[in-house]
Amino acid sequence: MPMSETSGVLAKSPAETAWGGDPNWWRQAVVYQIYPRSFADSDGDGLGDLPGVTSRVPYLQELGVDAVWLSPFYPSALADGGYDVDDYRAVDPRLGTLADFDEMLSALHNAGIRVVVDIVPNHSSNRHKWFLEALAAAPGSPERERYIFRDGKGANGELPPSDWVSTFGGPAWTRVPDGQWYLHTFAKEQPDWNWDNREVQLDFLETLKFWADRGVDGFRIDVASNLKKDLSLYPDLPTQEQLWDETLWQPGRFPFADRDEVFDVYREWRELFNQYNPPRTAVAEAWVKPERQHLYAAPDGLGQVFNFDLLKSNFDSGEFREVIDRNLLHAAQTGSSNTWVLSNHDVVRHATRYGLPFDETKDNQIARKWDLADGLTIPLDAEQGIRRARAATLLLFALPGSTYIYQGEELGLPSITGIAAEDRQDPTYFRNAGVDVGRDGCRIPIPWVSNAPSFGFGTTSASHLPQPREWGNLAVDVESTDPSSTLSLYRNALALRHKLQTGEALEWLDAEAPNKNVLIFARPSVVGSVEPSRGANETTGAAGGKRWVCATNFGKTPVPMPAGEVILTSSPLTGPAELPAETTAWLLR
Ligand code: NOJ
């Protein structure tokens with residue numbers, strides 16, 4: 001159905017963002033991810049909230065970010081950290097009110113920072129009004145049609161319709177009192193929507209419009225790849241073993257993920273986004289094969305897709321080079337721009353990841369098998385971790401495209417191990433006993449003030465996940481006054497990036513690399529000039545018409561520094577003409 005026929009959902013003239021602006025703002029934006037419950041707590045209940053975010057706008061402004069992406073702040077029982085949404089058009093009362101949201105939005109906009117909110121369209125929570133209606137209604141009713149209900153197998157339907165396993169472990173079907181089963185590809189508290197249902201489609205348009213009208217600049221689309229499902233083989237659904245056999249599924253035809261029809265949904269969303277000025281942006285979370293990833297970034301669809309390839313890579317020049325080349329090519333083919341990500345709320349923080357042994361399977365990158373409740377099972381070299389993290393981040397900031405920072409990585413925060421079972425929250429932990437401890441270790445509340453209860457996260461000592469005692473040393477107030485801190489590095493790097501970044505071109509300078517462990521590239525000519533130094537990480541330089549060069553030494557031994565004026569390095573210089581081991585340098589020439 002064309003957009004104009006959507007039962008009046010778009011009848012009102014869409015509001016314009018008060019401060020309007022560049023429709024391409026997203027292409028090279030630095031986006032800071034806020035996980036609201038762990039960012040800043042204004043009322044001392046141990047849970048971060050929206051007024052907390054508002055109180056930290058000056059911090060975000062000083063850091064130099066262009067946008068924030070807020071993970072879900074909607075009403076939720078927190079079965080999955082807020083990704084189990086009870087009501088898509090409201091604020092969790094523990095986190096504030098819609099008025100608090102509006103206040104936060106204008107404070108961020110007044111500081112020149114755009115706002116991206118998280119939309120969770122694959123599933124609702126089991127407390128959503130429509131799921132409660134579905135439970136109260138009879139099998140086959142229109143209420144049940146909004147979700148995916150099926151009869152079970154076995155003589156009395158006592159067996160699930162298939163043996164599918166959910167993403168967090170355990171069965172993907174749960175039985176309801178009248179005997180039917182509903183599909184949840186994540187936790188049982190997250191029933192999957194039926195995206196063939198027009199009411200569901202229209203309701204999400206209403207939600208997008210609700211936030212876009214309030215002035216939200218863009219959307220991060222959770223599990224963007226999985227909305228469309230094909231259960232036409234029911235009752236003989238494929239088995240889990242068949243699902244795992246990739247040879248059985250043509251690209252775009254897997255039963256419940258990455259199906260080609262999902263792009264129809266996003267084409268309709270794009271029509272809505274383009275009715276705003278500037279058009280609302282969107283970025284897809286789609287853990288799909290590299291060759292399918294760019295489909296989610298189509299200009300007549302969401303426009304951008306998360307590229308998790310660097311996040312999954314080892315600290316290795318060959319892997320980085322291959323990932324950068326492939327993704328720049330894909331972005332150019334779609335007319336999108338790239339997204340670079342090293343950490344988020346779902347993975348081991350990169351300061352820790354890079355301290356773990358080289359991992360062929362890549363499991364260390366995203367899984368948490370090494371962090372069992374009784375402590376580390378794989379040796380961790382924390383010093384190497386932070387050194388490599390700083391080098392990789394500086395490389396990332398020099399790449400064309402938009403870049404994502406996950407709250408706390410600018411402080412060099414590690415992932416935390418050994419959280420007691422009673423303090424854990426992630427469903428992954430509870431559904432995979434002894435195998436995967438889940439994601440709580442990267443969601444610990446931020447330390448703001450070294451010498452304050454909950455390190456200034458809140459006004460009391462309450463913190464919904466326990467903070468390690470030594471985190472005082474990593475608090476914002478401590479790092480702010482230390483020119484060699486990771487926070488100072490991020491602030492200097494982002495200030496320079498803003499001045500140096502012009503076009504989206506990148507030129508490899510392979511001939512200059514002293515060995516295979518070194519990657520060197522240049523960005524187009526600089527138009528402005530670089531201000532004098534603000535800290536020990538940064539040296540002075542006037543940059544009129546010069547090129548911005550980024551060199552990373554992934555190796556364990558120093559190499560000769562490439563030609564040019566060094567303006568920033570990720571670790572201290574060891575000699576005037578030396579690029580230290582596991583270090584990135586920015587130069588002008
Ligand atoms: C991806 C989100 O990033 C993650 O935190 C969540 O658990 C799943 N989607 C399910 O919504």
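Author: Pro278 is found in the loop between helix 8 (262–273) and strand 8 (281–284). Those element names are DSSP runs numbered from the N terminus, with helices being H or I of at least four residues and strands being E of at least two. This is a predicted model, where local features need pLDDT of at least 70, side-chain atom pairs count only at pLDDT 80 or more, and totals for chains, interfaces and linings use all residues. Residues are numbered from 1 along each chain as its sequence is written, and side-chain values use heavy atoms, with hydrogens and water left out.

Reader: What kind of peptide bond joins Asn277 and Pro278?

Author: A cis one, with omega about -5°. The bond from Tyr234 to Pro235 is cis too, with omega near 10°, and Pro235 lies in the loop between strand 7 (218–221) and helix 7 (240–244). Why mention them? Because most peptide bonds are trans.

Reader: What is there to note about the phi of Val223?

Author: Val223 has a positive phi of about 45°, yet it is not a glycine. Val223 belongs to the loop between strand 7 and helix 7. Phe455 also has a positive phi of about 45° without being a glycine; its place is in the loop between helix 15 and helix 16.

Reader: Why is Val223 called buried?

Author: Buried means under 20% relative accessible area, exposed means over 50%, and partly exposed is in between (1.4 Å probe, protein chains only). Val223 has 8%, so it is buried. Phe455, at 12%, therefore counts as buried as well.

Reader: And Ser461, buried or exposed?

Author: Its relative accessible area is 61%, so Ser461 is exposed. Ser461 is in the loop between helix 15 (427–431) and helix 16 (476–480). Leaving aside neighbours within four places in sequence, Ser461 is in contact (heavy atoms within 4.5 Å) with Pro453 and Ser454.

Reader: What about Gln201 in helix 6: which label does its accessibility give it?

Author: At 13%, Gln201 counts as buried. Helix 6 spans residues 198–214. With neighbours within four places set aside, Gln201 is in contact with Trp195, Asp196, Lys228 and Glu268.

Reader: What makes a set of residues a nonpolar core?

Author: The members are buried Ala, Val, Leu, Ile, Met, Phe, Trp, Tyr and Cys residues joined through side-chain atoms within 4.5 Å. The largest core has 131 residues, and Phe101, Trp269 and Trp586 touch the most other members. Helix 14 (residues 382–398) gives the most to this core, with 8 residues. Trp269, leaving aside neighbours within four places, has contacts including Ile119, Trp195, Phe204 and Leu302. A second, separate core of 12 residues includes Leu509, Val566, Leu579 and Ala585.

Reader: How do you know how polar the lining of the largest cavity is?

Author: You count by class: Ala, Val, Leu, Ile, Met, Phe, Trp, Tyr, Cys and Pro are nonpolar, Asp, Glu, Lys and Arg are charged, and the others, Gly among them, are polar. The lining divides into 4 nonpolar, 10 polar and no charged residues. Helix 11 gives the most to that lining, with 4 residues.
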